[in-house]
Amino acid sequence: MHARLDYSEISKTLATLRLGVEASDLHGSLTGFLCAGGRASVENWLDQLALDLDGNHVALNASLQQMFRDCSTQFDGARAQIDPLLPPVGTPLALRTEALVEWCRGFLGGFGLAGATQRLALSPDANEVLADFSRIAAARFDYTDSVADEQALTDVLDFACMGATMLHSEIVTRARTAARSLH
């Protein structure tokens with residue numbers, strides 16, 4: 001297992017490369033794309049996410065290559081292990097919350113780009129998870145009680161991880177069923 005992606009390092013890389021996307025948003029986009037069965041490689045994943053690249057040197061960036069490998073390994077094994085890229089604990093709550101909102105927005109965008117909902121009929125539970133992600137992505141938060149607000153962020157983060165894991169599991173299962181019915 002490699003070291004966890006560093007939010008600050010990815011943020012600096014994205015600012016330097018002028019990609020016009022935040023670290024959590026990009027991580028969510030790639031996670032959503034892969035979760036929904038999107039196919040990409042370390043060389044073409046930015047193109048697959050329809051980002052306007054300013055040259056081939058972007059794809060060769062070591063931090064972005066590591067991001068791809070990190071996101072891809074979330075789906076290795078019998079069960080996905082989704083871990084959104086957010087600022088570390090200790091960063092102000094408002095910044096971590098906004099990063100989770102961005103991650104959810106990115107996830108929905110990447111999920112849509114992969115086209116899973118066009119290929120497969122998702123269950124009502126899966127559609128509800130997507131609707132909940134949409135609500136999170138559109139949310140505005142008020143901060144009044146630091147302890148309760150911290151717990152609320154933890155709860156929403158846990159939901160995002162479990163929801164994305166459930167979506168991936170359903171998509172993999174439905175894709176296998178669809179493939180078997182074609183044979």
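Which residues does Leu100 touch, not counting residues up to four places away in sequence? Keep that question in mind while the tour works towards Leu100.

This is a predicted model, in which local features need pLDDT of at least 70 and side-chain atom pairs count only at pLDDT 80 or more, while totals for chains, interfaces and linings use all residues. Residues are numbered from 1 along each chain as its sequence is written, and side-chain values use heavy atoms, with hydrogens and water left out.

**The whole chain**

Begin with the chain in cartoon view, where the secondary structure comes to eight helices and zero strands; here helices (H or I, at least four residues) and strands (E, at least two) are DSSP runs, numbered from the N terminus. Of the 183 residues, 44% are buried, a word that stands for under 20% relative accessible area, with exposed meaning over 50% and partly exposed in between (1.4 Å probe, protein chains only).

**Helix H1**

Next select residues 7–17, which form helix H1, and show the side chains of Tyr7, Ile10, Thr13, Leu14 and Leu17, which are buried. These residues cover an arc of only 130° around the axis, which puts them on the same side of H1; the arc is that of the directions from the helix axis to the C-beta atoms. Turn to the other side of H1 and you will find Lys12, Ala15 and Thr16 exposed. The cover over the buried residues of H1 includes H2, H4 and helix H5 (93–114).

**Helices H2 and H4**

Now select residues 23–35 (H2) together with residues 62–73 (H4), which pack at an angle of about 45° with their axes 10 Å apart. H2 is therefore oblique to H4, given that angles under 35 degrees count as roughly parallel, over 145 as roughly antiparallel, 65 to 115 as roughly perpendicular and the rest as oblique. Axes are lines fitted to C-alpha atoms, for helices over the stretch in contact, and angles run from 0 to 180 degrees between N-to-C directions.

To see the contact (heavy atoms within 4.5 Å), show Ala23, Leu26, His27, Leu30, Thr31 and Leu34 of H2 with Leu64, Met67, Phe68, Asp70, Cys71 and Ser72 of H4.

**Leu100**

Finally, centre the view on Leu100, which lies in helix H5 and is buried, with a relative accessible area of 2%. Leu100 touches Leu86, Leu153, Val156, Leu157 and Ala160, leaving aside residues up to four places away in sequence. To end, select Leu100 and Val156, which are 56 residues apart in sequence and 8.5 Å apart in space, C-alpha to C-alpha.
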